[in-house]
Amino acid sequence: FDHDNRKRWPGTPPEPADWRPQHDHSALWRTVQRSGVQSFGNPQAAALRWPLNRSEALACLEAFIAKALPHFGDYEDAMSSQAPRLFHSLLSFALNVKMLHPLEVLQCAEAAWRSGHAPLAAVEGFVRQLLGWREYIRGIYWAHMPGYESRNALDHHLSLPRWFWTGDTHMRCLQQSIKQSLQTAHAHHIQRLMVIGNFALLAGLEPQALHRWYLGIYIDAFEWVELPNTLGMSQRADGGVIATKPYVSSAAYLQRMGDYCQGCAYDPKQKTGARACPFNALYWDFFDRQRERLGSADARQKTGHITALYRTGLFRHAYGTDFGQIEFTAQFCQHLGQGDCVMKKGVALAQAQLALLHRKETLFCANNLSGCIKDSQRGCIIAGVDAQRIAAHSCSGSASRPCSRATVPSRPLTN
């Protein structure tokens, strides 16, 4: 039911009121401060919104089933600056500290479907997250530890930007997701995977540093469940043990699934220039610098569809005499039906002042490949924004067209 569960939230139905209890731990927080323990984020000492015992956890479960589960499936991947909780269960903390048993949660969700209270698509999506993914992650952790925590298959070593501890960045999606995490000790799976984790993977941040950050910031983060999700699912530092494809996207996915791009200093539809969204340039830079690991024959068994895209030319490039001039070329005709259009678009990498070549009879890499593969490999590549489609017979560029200069920031990004 994935197709039914990828809707952007339009503002209705309204987000339910927060059903979690409040606890005043101001005295405890003063004790923590007096002891000299260093911390970051908002302790919310006067109004801690998490259950502290089984009866409170059961009340939270009941409220989720009654108020949110019917709409959970439709909007489980949506992002909204106006409704940070949307229809998520917020039960992960209670589950991970064993105030709730996974089976009883699953039985309540199943009963909601059987009674007609919640649709099958919503219940299946919730059950799969809990019974499918959570137990799979548990198995990965115990099968591959110790040693799993030190894996860094993509050789990423950049330090986390300083704004991971403040949220003070001009990229609104990261600003919203990180500040929410600092404020509430929680973010839903798309914020963790496709906003924060997506940026970290594209930018080449060290997976162990990101693991420590996730482990410290989220109230539901315990190593057995957080570590494989971060190093494996999000950062692919395990070399493909958990998943065959890297979970990355350009700005298109973020714009399609939420409102974070509204009011952002960067434009998700711009690929070059001062206002170009950094996710666009970082996306292509990631696949270029990882072509040996993701596109080689040795990688074919673990990244079959990604390798095929490199092999058939979707990521093929040629370096000119000037290293600052990088030409991406792609022949899309073999991926499209007879008479269909091909796509043409200039793409900049994440190096400052990168020139885009515009040569005759060159097809520049499009910024939307998802149309080529979405029917068979959903999410294999979630790329780009509104690529320009032109007829196959008119794909040649203009020899007189001037080169455009990219003014995207060099890695590591600090803003």
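This is a predicted model: local features need pLDDT of at least 70, side-chain atom pairs count only at pLDDT 80 or more; totals for chains, interfaces and linings use all residues.
User: What makes up the protein, and how much of it counts as buried?

Analyst: The protein has 15 helices and 6 strands, and of its 415 residues, 52% count as buried. The protein exposes about 18,600 Å², with carbon and sulfur atoms supplying 52% of that area.

User: Why is helix H10 called largely enclosed by the rest of the structure?

Analyst: The term buried applies to a residue under 20% relative accessible area, and 10 of the 12 residues of H10 are buried, so this helix is largely enclosed by the rest of the structure. Among the buried residues of H10 are Trp224, Val225, Leu227 and Met233, and the buried residues of this helix pack against H4, H6, H8 and helix H9 (207-217). Just after H10, Arg236 takes a positive phi of about 50 degrees.

User: How do you know that Glu226 has no salt bridge?

Analyst: A salt bridge needs a side-chain nitrogen of Lys or Arg within 4 Å of a carboxyl oxygen of Asp or Glu, whereas the nearest side chain of opposite charge to Glu226, that of Arg192, is 8.1 Å away. Glu226, which is found in helix H10 (residues 223-234), is therefore buried yet without a salt bridge under that 4 Å cut-off. Leaving aside residues up to four places away in sequence, Glu226 touches His211, Tyr214, Leu215 and Ala221.

User: Why is Gln208 called buried?

Analyst: Gln208 has a relative accessible area of 14%, and the limit for buried is under 20%, so Gln208 counts as buried. The place of Gln208 is in helix H9, and, not counting residues up to four places away in sequence, Gln208 touches Glu149, Ser150, Arg151, Asn152 and Leu231.

User: What makes Asp74 and Lys7 a salt bridge, and why are these residues called partly exposed?

Analyst: The closest N and O atoms of Asp74 and Lys7 are 3.2 Å apart, and the cut-off is within 4 Å, so the pair qualifies as a salt bridge. The pair links distant parts of the chain, with Asp74 in the loop between helix H3 (69-72) and H4 and Lys7 in the segment before helix H1 (26-34), 67 residues apart.

User: Are Asp18 and Arg20 buried or partly exposed, and what links their side chains?

Analyst: Asp18 is partly exposed, with a relative accessible area of 22%, while Arg20, at 12%, is buried, because the limit of 20% divides the two classes. Their side chains meet in a salt bridge of 2.7 Å, N to O, and Asp18, Arg20 and Arg49 are linked in a network of salt bridges. The structure holds 15 salt bridges.

User: Which residues are closest to the centre of the largest pocket, and which element gives the most to its lining?

Analyst: The largest pocket has a volume of about 1,500 Å³, and of the 47 residues that line this pocket, the closest to its centre are Gln129, Trp133, His189, Ile190 and Asn229. Helix H4 (92-96), helix H6 (120-144), helix H8 (189-203) and H10 are the elements that give two or more residues to the lining, and H6 gives the most, with 7 residues.

How values were computed. Residues are numbered from 1 along each chain as its sequence is written. Side-chain values use heavy atoms; hydrogens and water are left out. Helices (H or I, at least four residues) and strands (E, at least two) are DSSP runs, numbered from the N terminus. Buried means under 20% relative accessible area, exposed over 50%, partly exposed in between (1.4 Å probe, protein chains only). Lys and Arg count as positive and Asp and Glu as negative; His and the chain ends are not counted. Contact means heavy atoms within 4.5 Å. Accessible areas come from the Shrake-Rupley method with a 1.4 Å probe; for residues, only the protein chains shown count as cover. On a 1 Å grid over the protein atoms alone, a cavity is a set of points where a 1.4 Å probe fits but cannot get out, and a pocket is an open set with protein on both sides within 12 Å along at least five of seven lines; lining residues have an atom within 4 Å of a point. Grid points are joined across faces, edges and corners, and a volume is the space filled by probe spheres set on the points.
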